[in-house]
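Dear colleague,

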Amino acid sequence: MDTGDIATRLDERLAIEDYADVDASPNGLQVGPGDRSVDHVAVAVDAAVETIERASEAGADLLVTHHGLVWGSIERVTGTNYDRIAPLIEDDLALYVAHLPLDGHQELGNAAGVADLLELTDRRPFGSMGSEHIGQAGTLADPRSVDDVAAALESSLDTGGQSVQLLDFGPDRVEDIAIVTGSGVDWLDEAVVADADLLVTGEGKQQVYHEAREAGVNVLLAGHYATETFGVRSLAALIEEWGPTTTFLDCPTGL
C-alpha cells in the first residue's frame, strides 16, 4: 500500500469531509507524498518532535496522529513548526491526521473507546458540533456509584500517574453517561438536557465547577491525553487488517 491508498481509506471510513466546516484541523494527509510505499505505520495522540522522532527511529513510513501540526493555517515554517516539519521531510515520514472525526466516530472514536471501557449500552451520538457529533452517550446496564466509575477509569487509563478529578455534584449512583473526550466541558449544557448523571471528559475549565454544581451533574476529568488514545489505537488495528505493521507510540502528558 502507499500513503494515498491509506489516506483515502481513512478519509472515507472516518467521513472527514463531514467535519471540514467545524474542525480547525485540516484532517487527512498533512505532510508527505501520496505515492510513498507504506509497510510500517506508527500511531500517536500528538504530532510532536518526540513522537515524530520515535516514529522515524521505529522505521515507520507513515505517522497517524489525532492532534496534527496545523490549526487553521501555517504562516511561517519557523520555530516549533520547523522543528516538527523538518524531520518529517528529512526522514521521508508522512503524516496523517484525524482530529474531530476521530473523536466522534461511533465505532472507532475516542468517546466510543471510553464507552467500550465502561460497557455502556443504548449508545448514541452526543456532543453536537454543527451537524456532526464529537462524543457518545450511553447507559450502564447496572447503575454504579460515581466513585466506582471514577476508580475504573483511573485504573484503566494512561493518566501519566495523575489522579482523575471528580466533581461530584450529581447523583451518587449513575446510569446515564455522556462522553466528550479531550476538552469537552463545553458540552455540559447538552449533558443536562440529555438528563445525564455524569459527563466524562478529559480536562476542565474554571467555570465548569460552578456550572456543574448548579446543574446537579457529576463531571469526571480523566485527562486529555488519557481519554484520547482509543482512536489511534483503533486505527492501528484497522490498518493492520490492510497489511502494514503498526506501532503505538505512548507519550502520556499527565494532562
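Predicted model: local features only at pLDDT ≥ 70, side-chain atom pairs only at ≥ 80, totals over all residues.

Salt bridges

Side chains of opposite charge can pair when their charged atoms come close. In this model, eight salt bridges are counted.

One of them links Glu50 to Arg54, with 3.5 Å between the closest N and O atoms. Both partners, Glu50 and Arg54, are located in helix α2 and are separated by four residues, or about one turn of the helix. An α-helix has 3.6 residues a turn, so residues three or four places apart point the same way. As for accessibility, Glu50 is partly exposed at 42%, and Arg54 is also partly exposed, at 28%.

A salt bridge also joins Arg124 and Asp122, at an N to O distance of 3.4 Å. Here Arg124 is partly exposed, with a relative accessible area of 29%, whereas Asp122 reaches 55% and so counts as exposed, the cut-off being over 50%.

Arg144 and Asp148 likewise meet through their side chains, with 2.8 Å from N to O. Asp148 has a relative accessible area of 34% and is partly exposed; Arg144, at 23%, is partly exposed as well.

In soluble globular proteins, nonpolar side chains tend to be buried together. The largest nonpolar core of this model has 23 residues, and those touching the most other members are Leu10, Leu14, Val41, Leu62, Val64 and Tyr96. Two or more residues are contributed by each of the elements α1 (3-14), β2 (40-46), β3 (62-67), β4 (94-97) and α9 (230-242). Helix α9 supplies the largest share of this core, namely six residues.

Helix α5

How many of the nine residues of helix α5 are buried? Seven are, so this helix, which spans residues 110-118, is largely enclosed by the rest of the structure. The buried positions in α5 are Asn110, Ala111, Ala112, Gly113, Val114, Ala115 and Leu118. Each of these has a relative accessible area under 20%, because that is the cut-off for a buried residue. Directly after α5 comes Glu119, which adopts a positive phi of about 55 degrees.

Ser156 and Ala226

Finally, I would draw your attention to a pair of residues separated along the chain. Ser156 lies in helix α6, which runs over residues 146-156. With a relative accessible area of 44%, Ser156 is partly exposed. Ser156 and Ala226 are 70 residues apart in sequence, while their C-alpha atoms are 9.3 Å apart in space.

Yours sincerely

Definitions and conventions
Residues numbered from 1 in each chain as written. Heavy atoms only, no water. Salt bridge = Lys/Arg side-chain N within 4 Å of Asp/Glu carboxyl O. Buried < 20%, exposed > 50% of the residue type's maximum accessible area, 1.4 Å probe, protein only. Core = buried A, V, L, I, M, F, W, Y, C linked by side-chain atoms within 4.5 Å.
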